[in-house]
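Subject: Structure handover

Hi,

Here is the structure I promised to pass on to you. My notes on what turned up in it follow below, so please have a look at the model alongside them.

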Amino acid sequence: MTELKNDTFIRALLRQPIERTPVWMMRQAGRYLPEYRRVRQQAGSFMNLCTTPELACEVTLQPLERYPLDAAILFSDILTVPDAMGLGLHFVEGEGPKFERPLRDADDIRKLAVPDPYGKLRYVPDTVRLIQSHLRGKVPLIGFSGSPWTLATYMVEGQSSREFRKVKALAYDQPALLHQLLGVLADAVAAYLNAQIEAGVDAIMLFDTWGGSLTTGQYAEFSLAYARRVLEQLDRGGRTVPAVLFTKGGGLWLEAMAETGYDALGLDWQTPIGEARRRVGDKVALQGNLDPVALYASPESIRAEVGKILAEFGRGSGHVFNLGHGVHPDIDPEHVGAMIKAVHELSPVYHSAG
C-alpha cells in the first residue's frame, strides 16, 4: 500500500498524538458542489454514477480538489448490497431510494443469499482501486456500508419511512425471521467491506442511519449485535484499518456502542461531544458533530460553532471533526470552506504536538 502523506485522520481514530484535529464531511462529494451536478447530469442517473468507476472516482476526488480535507470517502450508496441481492434499487426524484421488489413474506427472506462482492458489486472495489491510483497517498480513503438494520428497514419497507411499520412489526411478531434477515445482511456487509479493504481503503465506516428508531432493547438485539457481527468478520490483511460506527439518534447507547470493538463512534448533532467523551472515556475516538444546518449561517457564526465543539471536546487526540449528519444539497460551498479553515486554524491549541 502507498504510504499516506497525511495520516492525521487515521492517527486520530487510533487516539494517537496529532498536530491538529482532522476534518472531513459526510456526503462531502455531493449535490452542494456544482462540479458534482455536472458529472451527475453526464451520468444520466444516480445509479449509473455509482456503478461507473471512472465517474464515481471523479466525484470522490472533487471535494479534495476544492478543500484541504483530511480524508476522502468512496462515492457510493448505502443500498448497493440489497440491490445486488436482486431487489431492484432505483431513485425517484424528490422521494429518494425505492425497491421494485421489497421483502414481503418469509419466502422472500429465506431466498436471500450473500452476493459475491466481485460479481454484481465488482464496480465498488474497482472504484476503490481507481481512486487510490489517483490519490497516491495524499489522504486516507474511507470505505463504507449501511448497517444490517438500516439495510433491512429499506428492504422490508421498500423505501424510506417515518414509522418503520412493516419492519418493526416483524421485530415484534416474527423476531426469528428478522434475525434470519439480519444475519444474512451482516455476512453480506462483512464480505462487501472486506472487498473494499482488499482493494485498498484505509478506514471503514458503518452507517446505522435508522438505529435510532428502535427501543433500547431492540437496538441491542437487532442493530448493535449485527454491527458487532460485521466487525468480527472483517479481514484487514494485517493492515491498520480503523472502523467507525455511526448510529443516528444513538446518543442513549454510547456506552454499549463503545464496547463493540469499533475504533470510533460517529455522533449526531444532538449529543454534546464533551458529554460523549466523558461517557466513553478513552475506549473509542469520537467523530462529529456540527449541526449540518449551521452551515447555512455566516462564516463568522460557523467559525464560532466550530470553536465551541473543539473546546467542548477539549485537549488531546481522539477527535475527528465532522458534521452530525450529511451536508445539505443547497449549502454554499464557501461556507463549507469556512468550516474546514476554522478547524485547521483553531484546533492546534488542543494538541500537545501542535
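**Overall picture**

Residues 24 or more positions apart account for 74% of the contacts in the protein with a separation of 6 or more, where contact means heavy atoms within 4.5 Å. Before going on, some ground rules: this is a predicted model, in which local features need pLDDT of at least 70 and side-chain atom pairs count only at pLDDT 80 or more, while totals for chains, interfaces and linings use all residues. Residues are numbered from 1 along each chain as its sequence is written, and side-chain values use heavy atoms, with hydrogens and water left out.

The C-alpha trace spans about 60 × 45 × 40 Å along its principal axes. Of the 354 residues, 59% are buried. Here buried means under 20% relative accessible area, exposed means over 50%, and partly exposed lies in between (1.4 Å probe, protein chains only). The protein exposes about 14,200 Å², and carbon and sulfur atoms supply 48% of that area; the areas come from the Shrake-Rupley method with a 1.4 Å probe, and for residues only the protein chains shown count as cover.

In secondary structure, the protein comes to 15 helices and 9 strands. These are DSSP runs numbered from the N terminus, with helices being H or I of at least four residues and strands E of at least two.

**A hairpin and a helix**

Strands β2 (residues 89–92) and β3 (residues 96–99) run antiparallel and are joined by 4 bridges; two strands pair if DSSP finds at least two bridges between them. Phe91 has Pro97 in β3 as its bridge partner. The two strands make a hairpin with 3 residues between them, and in its turn Gly94 has a positive phi of about 85 degrees.

Which residues of α7 are buried? They are Tyr123, Val124, Pro125, Thr127, Val128, Ile131, Gln132 and Leu135. The cover over these buried residues includes α3 (46–51), α4 (53–66), β1 (72–73), α5 (80–87), β4 (141–146) and α10 (175–199). Just after α7, Arg136 adopts a positive phi of about 50 degrees.

**Salt bridges**

Searching the whole structure gives 16 salt bridges, each a side-chain nitrogen of Lys or Arg within 4 Å of a carboxyl oxygen of Asp or Glu.

- Arg11 bridges to Glu19, with the closest N and O atoms 3.2 Å apart. Arg11 counts as buried at 17% relative accessibility, whereas Glu19 is partly exposed at 36%. Asp7 joins Arg11 and Glu19 in a network of salt bridges.
- Glu100 and Arg101 meet through their side chains at 3.2 Å, N to O. Glu100 is exposed, with a relative accessible area of 52%, and Arg101 is partly exposed at 45%.
- Arg279 pairs with Glu275, again with closest N and O atoms 3.2 Å apart. Both lie in helix α13 (residues 273–280), 4 residues apart, or about one turn of the helix. Arg279 is partly exposed at 26%, and Glu275 is partly exposed at 32%.

**Two buried side chains**

Tyr36 sits in helix α2 (residues 34–43) and is buried, with a relative accessible area of 4%. Leaving aside neighbours within four places in sequence, Tyr36 is in contact with Ala29, Gly30, Arg31, Phe46, Leu49, Val59, Gln62 and Phe75. The C-alpha atoms of Tyr36 and Glu58 are 8.7 Å apart, with 22 residues separating the two along the chain.

His335 belongs to helix α15 (residues 333–346) and is buried at 13% relative accessible area. Not counting residues up to four places away in sequence, His335 touches Leu295, Tyr296, Ala297, Ser298, Pro299 and Ile302.

Best wishes
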